[in-house]
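Reader: I am new to this structure and should like to be guided through it. Please begin with the chain as a whole.

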Amino acid sequence: MRPPLDLHTLLRLRLPPRHPLHRLLHSHSPNDRPPPPQHPAPHDAELWIAKALSSAAFLRPHYLPAFRRLAPSQFAAAAALRHAPCASSALQLFSSLHSFPLAIPPSAHSYRYVISLMCQSGRQVDALQLFDQMTDQSGYLPNARFLSFLAGSCASAGLLDAAAALLSKASQFGCSVEAYAYNKLISSLMGCGRVQDAVALFEGWIQGAVYAPDVWSFNVVIKGVCQVGDVQKALELVERMHQFGCLPDTITHNILVNGLCRVNEVSKGHEVLRRLQRDGVCMPNVMTYTSVISGYCKAGRMEDAVAVYDYMIACGTSPNVVAYNVLINGYGKAGNMGSAVAVYQQMIFHRCPPDVVTFSSLIDGYCRCSQLDDAMKTWTEMAQCQIQPNAHTFSIIIHTFCKQNRSVEALRFLKELNMRTDIAPQAFIYNPVIDVLCKGGKVDEANTVLMEMEGKGCHPDKYTYTILIIGHCMKGRIAEAITFFHKMVESGCTPDSITVNSFISCLLKSGMASEVDHIMHIASGGTSSSWRDPSPITRRVDISVDV
């Protein structure tokens with residue numbers, strides 16, 4: 001049986017050379033006697049025991065029972081946790097100190113420290129378990145600051161329901177959490193698309209007097225309901241703000257006006273703007289005006305849009321790049337490129353630097369008016385301004401060349417796009433190029449574009465497969481069309497009636513009636529596992545088929 005160990009034996013633990021835990025121990029020679037003639041202050045003694053506890057727990061756990069003779073305090077146990085090198089070690093040490101054989105009652109400080117480490121290391125689930133142990137078993141209640149921290153950490157980790165449960169218990173814990181914590185959670189729920197959950201939570205909290213919402217609280221919720229098109233609910237929330245001593249600010253009205261204009265209620269949005277101008281309590285800014293201008297532009301009411309724009313300038317509010325872009329885009333879609341260019345020139349005159357949206361809107365307008373030469377001049381001017389085109393800009397120019405059956409130019413711009421590592425390729429950019437190649441009978445080139453598309457990590461969509469299937473059928477390459485049909489189904493793209501009917505027509509004209517039943521079976525939701533590749537003889541067939 002191993003003889004009992006005293007404290008000095010514990011402190012003479014033999015550590016490997018250069019071990020980082022050497023710094024935790026005091027150096028003692030075999031003949032040393034414990035400290036100084038005068039007894040150390042209680043605080044120093046606790047820290048001394050804390051270092052020994054952490055060293056023993058990590059390196060010689062079988063020595064821990066000997067510490068019972070010293071009756072380590074909660075303070076010593078909490079101090080020992082500070083020597084843990086990481087969150088996992090802290091949790092292990094917490095378990096060792098507060099369970100048999102030492103069974104030191106954990107302090108609230110120990111709980112908070114380890115829970116904080118768990119959150120910082122991304123282990124929010126473990127943190128929540130320890131929090132439940134702290135409140136249910138040990139009876140410690142969190143303060144408002146700690147509860148906000150834990151709820152915020154859970155929200156950042158995506159544990160939104162857990163965060164909501166924590167904040168809903170604030171009154172049970174006897175703490176008053178700042179509105180910021182509630183606002184952050186509601187904003188996170190909105191960002192995840194859980195608008196109804198966020199609104200229900202908000203309504204429950206304010207009805208239960210869990211917290212007093214501020215203007216920001218209402219703005220977050222109003223913005224969320226406007227984003228899903230529920231402007232009626234947004235108007236109700238604006239009316240309720242006065243019940244909580246909140247006055248709608250400029251941001252509130254900007255959100256409301258933008259929401260109304262997005263659901264084609266631009267007249268109501270303009271009325272809100274007029275009310276702001278009339279009351280003078282909260283003056284509109286450039287964002288408020290721009291929302292109304294954008295609403296009129298989308299509705300094709302350019303005269304009303306210009307009227308608001310002129311009034312904005314008369315009131316002393318200078319337009320920004322967004323306001324100019326909205327007008328340029330509106331004129332471009334209306335086919336009035338003269339006015340669009342005039343706005344652009346006015347923008348340059350007032351030294352407002354154009355951005356990629358400005359040039360994309362001009363290029364789009366020229367393309368809509370079939371003024372491709374002017375569109376290319378604008379593209380060159382954009383490069384001279386050192387502004388890089390984005391995916392939308394490439395899509396506009398490539399689609400226009402394809403509509404004019406100019407596949408060579410479209411391929412040139414597509415090649416330039418493929419060289420850009422900062423743009424994520426998308427199927428809607430490649431589809432027009434594949435379509436114009438297939439319609440021109442250049443299915444091999446279309447297949448090459450498809451390979452480049454997949455090589456860039458861009459997966460074909462339903463339209464890509466439909467174009468390729470019909471294109472190969474028109475060329476009489478039925479075997480490859482069948483292959484693309486099966487790839488389409490296996491990738492999760494459901495063929496529509498146009499694809500299926502055109503494909504079946506091609507199969508019948510090619511004398512492959514045996515494949516028709518199988519294609520119809522797959523199109524109706526059946527499996528394609530029983531399909532076999534057509535024979536070499538069929539694969540060599542290359543006849544022209546009219547679709």
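Author: In this chain of 547 residues, buried residues make up 47%; buried means under 20% relative accessible area, exposed over 50% and partly exposed in between, with a 1.4 Å probe and protein chains only. The model is predicted: local features need pLDDT of at least 70 and side-chain atom pairs pLDDT 80 or more, while totals for chains, interfaces and linings use all residues. Residues are numbered from 1 along each chain as its sequence is written, and side-chain values use heavy atoms, without hydrogens and water.

Reader: How many helices and strands are there in the chain?

Author: Helices (H or I, at least four residues) and strands (E, at least two) are DSSP runs, numbered from the N terminus. By that rule the chain has 0 strands, and its helices number 29.

Reader: Which residues of H14 are buried, and why do they count as being on the same side?

Author: Helix H14 covers residues 266-279. Its buried residues are Val266, Gly269, His270, Val272, Leu273 and Leu276. They lie on the same side of H14 because their arc, taken from the directions from the helix axis to the C-beta atoms, is only 155 degrees.

Reader: Which helices do the buried residues of H14 pack against?

Author: Contact here means heavy atoms within 4.5 Å. The partners are helix H13 (250-262), helix H15 (286-298) and helix H16 (302-314).

Reader: Is Arg351 buried or exposed?

Author: Arg351 sits in the loop between helix H18 (337-349) and helix H19 (356-368). Its phi is positive, near 55 degrees, although the residue is other than glycine. Because its relative accessibility is 77%, Arg351 counts as exposed.

Key:
The expected span of a helix is 1.5 Å times one less than its number of residues.
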